Amino acid sequence: MTTPVNSRRWTNWGQNQQSVAEVLAPASIDEVAAMVSASAEAGRRIKTVGSGHSFTAIAVADDQRMLLHRLDQLVAVDGPLVTVQAGMRLAELNAVLAQHGLAMPNLGDIDTQTVAGAIATATHGTGIQHATLASCVEAVTMVTADGKIERYDRESPEFHAVVVGLGALGVIVQVTLRCVPEFVLLADERPMSLADVLAGLADWIPANDHVEFYWYPYTDRASLKLNKRVEEHDRPLPKFRSWLDDEFLSNTVFEGVCKIGRKFPRAVPGLSSIAARALSARTYTGRSDHVFCSSRRVRFTEMEYEIPRAALPDVIDALPRLIDSLPFKVLFPVEVRFTGPDDLWLSHGYGRESAYIAVHQYLGVPYEPYFKALEALCEPLGGRPHWGKLHYRTAADLRPAYPRFDDFRAVRDRLDPARVFTNEYLDRVLGK
């Protein structure tokens, strides 16, 4: 087969997924609809790609790759309801909301994803009173496989499928979000022993708006992060301290540590112990998105598993033995976050309070035995993998984990019977 002239090689942020595909770059919703119609009539497939921040093959195109970077504008602000085009990145969304005195109620720690990509994969932050970012969605406009432009709101029968739709149901082109008045967070970040962190969670989780912690493998040390809403932005972090902690230590120095650990694995336990003590305690206030989101320049691969919150002690107890049994060393800390339930059918937080266990490996370091071991630990507990993070599950073993899995597949059969929007990853996790 001759490669089309406008084909381009694509690589994701984690540099573990790539493909060569013909590129479509619509400049309007009507152009999206026309391209989808033409592709369906020709029996071709389209895979929509956002910022490429998923580690799975969810965005890998094997025929045509549709980029929505030209659809990145604010559409409307109606009180707390904000409508944006799907290709807008979260960083730009946060800036636009701030201009209107608004904010997202919760965010993850990375803001480079597109709005559509973030909701389609159920991206989340932390906070037991919050669910995924997708839970903030009030309506989406989507181009279906027959080229129709459809709007789905919370009264639509398909709504709970199309929001966290994995890109399998159509091309989302607009999103309406329910936002909140802008707010300030007080951040309390401190190194602690892992035992003290675990002992305090039952008190900290309800007493704070957002709670997370990092555990450093081969040590008994952790870093706790507590965020709470406050009225006054009266304790800004000095610019030098911000640069020192968030740019120099967390990026420049940490990447150097990872490179040393990759070359000299026996040094990793000692390096992990040093890293656990490199960031000292700090307390400061800041605009919510500035506190939530961090600069992440060190490249990695990642798996993240959602488990019922009550199962967290079992997983944390097993992790040191799991890591010690690996044939290589783990360079990154383990991240733990918490969310409340939502009602979106393929959200990993569907119907329950959740704990999330995220494990990473530095670029070029082996990861598969580590990730498979974590999956084997979490799956029997009812664990659900993050759709944008590496995992090895299939439709057969995902179905029991999602009560509305077959309902989602029925919507898919109705909206995309010819599988215009599928790829190998979706065939694996949803079935053909």
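Contact here means heavy atoms within 4.5 Å. Helices (H or I, at least four residues) and strands (E, at least two) are DSSP runs, numbered from the N terminus. The model is predicted: local features need pLDDT of at least 70, side-chain atom pairs count only at pLDDT 80 or more, and totals for chains, interfaces and linings use all residues. Residues are numbered from 1 along each chain as its sequence is written, and side-chain values use heavy atoms, leaving out hydrogens and water.

Helix H9 (residues 312-324) packs with helix H10 (residues 368-378). Their axes, lines fitted to C-alpha atoms over the stretch in contact, lie 11 Å apart at an angle of about 150 degrees. Angles run from 0 to 180 degrees between N-to-C directions. The two helices are therefore roughly antiparallel (over 145 degrees). From H9, Val315, Ala318, Leu319, Leu322 and Ile323 meet Tyr370, Ala373, Leu374, Leu377 and Cys378 of H10. These contact residues comprise 10 nonpolar, no polar and no charged. Ala, Val, Leu, Ile, Met, Phe, Trp, Tyr, Cys and Pro count as nonpolar, Asp, Glu, Lys and Arg as charged, and the others, Gly among them, as polar.

Eight strands build an open sheet with antiparallel pairing, in the order E15-E12-E14-E13-E17-E18-E16-E19. Its edge strands, E15 (282-287) and E19 (384-385), each pair on one side only. Two strands pair if DSSP finds at least two bridges between them. Strands E13 (residues 210-215) and E14 (residues 221-230) share six bridges in the antiparallel sense. Phe213 stands opposite Leu224 in E14. Helix H6 (residues 239-263) lies across E15 and E18 (354-362), at about 60 degrees to E18.

Definitions and conventions
Parallel < 35°, antiparallel > 145°, perpendicular 65-115°, else oblique.
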